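Please look over the sequence and the model before reading on.

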Amino acid sequence: MPRLINGERKIQKSRPENAGKLLIFCEGNTEFNYLMYFKVYLENNLHVQYSDIVIEPINAKGDARRVYDYAEEFLANDVNASKYFYYEKHLVFDCDAPANIQEVVNLILESDNEYILDYSNLMFETWLVMHFQDLSPEGDNSNRTIIRLMCEYLRTDKYTSKDKAAPGTIGRILGSNANEKIRDAIKNAKELEEYWNKLGMRRDRNIKEMNPSVAIYELIERLLDEIVYLCG
């Protein structure tokens with residue numbers, strides 16, 4: 001497994017924000033595998049007796065509306081509602097489907113479950129590409145281009161559903177300098193967020209126009225900072 005702790009720590013606070021208990025609903029295999037990477041890393045490397053970092057990713061296998069519907073049904077169950085009452089509830093999804101993605105985003109924001117939206121626009125591979133290349137709103141950020149960049153980086157002719165589902169794909173992307181690559185992706189995501197903010201764009205009304213943009217970087221930065229702090 002690639003290391004997330006390489007050399008000097010890059011967290012700015014002496015004690016980062018605690019990641020806490022996280023219940024994460026993922027759109028598909030790629031998102032699930034990415035979050036499982038952090039879960040397994042923590043389980044294998046945590047050098048303290050106690051931590052309240054708990055990641056329970058659930059693969060909903062569908063588009064953004066399916067993730068939302070699955071989460072609502074899951075948490076409507078009394079047993080699940082009780083077990084995960086004190087957990088942060090995250091939805092990890094793409095913005096390329098369904099066609100009425102803005103309506104889905106607004107449904108999520110209005111839910112009593114107070115979900116945190118860890119979206120990627122247009123697709124989760126947008127976030128993955130940002131690990132090895134900066135993306136700009138002025139560029140071609142279509143799904144086709146993002147997949148082409150994935151193929152070039154992975155040195156393959158095709159990026160198939162089998163590649164997306166394979167846990168090893170995430171390891172290939174992160175390589176031996178995972179910390180550095182994730183930090184680069186976070187930096188690019190923050191720059192994009194600042195760009196859209198200056199234009200007055202907001203996810204509750206402009207999600208389709210905000211391509212590329214990702215919100216998952218906030219969760220990943222919290223996880224990475226705490227891993228460096230606790231596992232270093």
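At what angle do the axes of helix α1 and helix α11 cross? In this predicted model, the axes of α1 (residues 29–45) and α11 (residues 216–231) cross at roughly 15 degrees and come within 11 Å. An angle under 35 degrees counts as roughly parallel, so α1 is roughly parallel to α11. The crossing of the two helices is left-handed. On the α1 side, the contact is made by Tyr34, Leu35, Phe38, Tyr41, Leu42 and Asn45; α11 contributes Ile216, Leu219, Ile220, Leu223, Ile227 and Cys231. Sorted by class, the residues in this contact are eleven nonpolar, one polar and no charged.

The chain as a whole has eleven helices and five strands. Of its 232 residues, 50% are buried. Among contacts in the chain with a separation of 6 or more, 80% are between residues 24 or more positions apart. The chain exposes about 11,500 Å², and carbon and sulfur atoms supply 46% of that area.

Glu56 lies in strand β2 (residues 54–59). Its relative accessibility is 22%, so Glu56 counts as partly exposed; the cut-off for buried is under 20%. Apart from neighbours within four places in sequence, Glu56 is in contact with Leu22, Leu23, Ile24, Lys83, Tyr84 and Tyr87. One of these, Tyr84, is 28 residues from Glu56 along the chain, and the C-alpha atoms of Glu56 and Tyr84 are separated by 9.9 Å.

The backbone also deserves a look. Most residues other than glycine have a negative phi, and most peptide bonds are trans. Where does this chain depart from the trans form? The peptide bond joining Ala97 and Pro98 is cis, with omega about 0 degrees, and Pro98 sits in the loop between β3 (88–94) and α4 (101–110). The bond from Asn211 to Pro212 is also cis, with omega near 5 degrees; Pro212 is in the loop between α10 (203–206) and β5 (213–214).

Glu114 lies in the loop between α4 and β4 (116–121). With a relative accessible area of 66%, Glu114 is exposed. Arg155 is placed in the loop between α6 (143–154) and α7 (161–165), and at 79% relative accessibility Arg155 counts as exposed.

Key:
Residues numbered from 1 in each chain as written. Predicted model: local features only at pLDDT ≥ 70, side-chain atom pairs only at ≥ 80, totals over all residues. Heavy atoms only, no water. Axes fitted to C-alpha atoms, helices over the stretch in contact; angles between N-to-C directions. Helix = DSSP H or I, 4+ residues; strand = E, 2+ residues; numbered from the N terminus. Parallel < 35°, antiparallel > 145°, perpendicular 65-115°, else oblique. Left-handed = near helix turned anticlockwise from the far one by under 90°. Contact = heavy atoms within 4.5 Å. Nonpolar A, V, L, I, M, F, W, Y, C, P; charged D, E, K, R; others polar. Buried < 20%, exposed > 50% of the residue type's maximum accessible area, 1.4 Å probe, protein only. Areas by Shrake-Rupley, 256 points an atom, 1.4 Å probe, with all protein chains shown as cover.
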